[in-house]
Amino acid sequence: MPDSDARSQAQQALVDDMTRPSAPPSPPSIGGATSWRTMQDQQARDEWRALRDWVEWGTVRYEISVSLIPECWWKHGALVEELSALHSAHRAAFHPTDSGNGPITWHQHFANAMAAQEVKI
């Protein structure tokens with residue numbers, strides 16, 4: 001019956017792992033400016049996913065019209081660069097280590113970027 005004991009111990013260890021409270025998530029890294037030109041493949045994939053998620057969240061959260069950020073935003077290099085800059089600034093502005101001025105400054109930059117985007121269309 002040694003196999004049965006080992007199986008029971010393994011099952012108990014799995015239950016313990018699944019029911020143990022998880023540690024609170026660590027704050028996102030501040031990162032830095034996004035430079036698509038110098039990124040390695042895996043870093044670019046990770047950053048692209050993060051940018052896509054952020055753009056999807058932001059367009060809903062801020063009720064941004066598709067005339068400002070079209071659904072095919074990812075096909076427009078200049079828009080990708082601008083959204084990447086806003087995303088990097090957002091990460092820094094809303095990081096727990098920010099002094100508290102970051103969010104308002106980010107919103108000012110965001111408003112300027114959206115106004116500039118309106119002029120382009």
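**View 1. The lining of the largest cavity draws its largest share, four residues, from helix H2.** This is a predicted model, where local features need pLDDT of at least 70, side-chain atom pairs count only at pLDDT 80 or more, and totals for chains, interfaces and linings use all residues. Residues are numbered from 1 along each chain as its sequence is written, and side-chain values use heavy atoms, with hydrogens and water left out. A cavity here is a set of points, on a 1 Å grid over the protein atoms alone, where a 1.4 Å probe fits but cannot get out; a lining residue has an atom within 4 Å of a point. Grid points are joined across faces, edges and corners, and the volume is the space filled by probe spheres set on the points. By this rule there is one cavity of 30 Å³ or more, and the largest cavity has a volume of about 60 Å³. Look for Trp54, Val55, Tyr62, Leu86 and Phe110, which are among the residues that line it. H2, H3 and H4 each supply at least two lining residues. Sorted by class, the lining has nine nonpolar, two polar and no charged residues. For that sorting, Ala, Val, Leu, Ile, Met, Phe, Trp, Tyr, Cys and Pro are nonpolar, Asp, Glu, Lys and Arg are charged, and the others, Gly among them, are polar.

**View 2. Here's the whole protein, with four helices and zero strands.** Helices (H or I, at least four residues) and strands (E, at least two) are DSSP runs, numbered from the N terminus. Read from that end, the elements go α-α-α-α. Buried residues make up 24% of the 121 residues; buried means under 20% relative accessible area, exposed means over 50%, and partly exposed is in between, with a 1.4 Å probe and protein chains only.

**View 3. Helix H3 covers residues 77-93.** Its 17 residues reach 24 Å from first C-alpha to last, close to the 24 Å expected at 1.5 Å a residue. That expected span is 1.5 Å times one less than the number of residues. Buried residues of H3 include Leu79, Leu83, His87 and Arg91, and the buried residues of this helix pack against H2 (41-61) and H4 (102-120). Ser88, also in H3, counts as buried because its relative accessible area is 9%. Leaving aside neighbours within four places in sequence, Ser88 is in contact (heavy atoms within 4.5 Å) with Gly32, Ala33 and Thr34.

**View 4. The largest nonpolar core has 18 residues.** Such a core is a set of buried Ala, Val, Leu, Ile, Met, Phe, Trp, Tyr and Cys residues joined through side-chain atoms within 4.5 Å. Leu51, Trp73, Leu83 and Met114 have the most contacts inside this one. H2, H3 and H4 are the elements that give two or more residues to the core, and H3 gives the most, with five. Zoom in on Trp73: residues up to four places away aside, it touches Trp48, Leu51, Arg52, Val55, Leu79, Val80 and Leu83.

**View 5. Two glutamates, Glu56 and Glu63, are worth a look.** Glu56 sits in helix H2 and counts as partly exposed because its relative accessibility is 45%. Glu56 and Glu71 are 15 residues apart in sequence and 9.4 Å apart in space, C-alpha to C-alpha. Glu63 lies in the loop between H2 and H3 and is exposed, with a relative accessible area of 71%. Glu63 isn't a glycine, yet has a positive phi of about 50 degrees.

Conventions. 1 Å grid on protein atoms, 1.4 Å probe; cavity = no way out; pocket = protein on both sides within 12 Å on 5 of 7 lines; lining within 4 Å.
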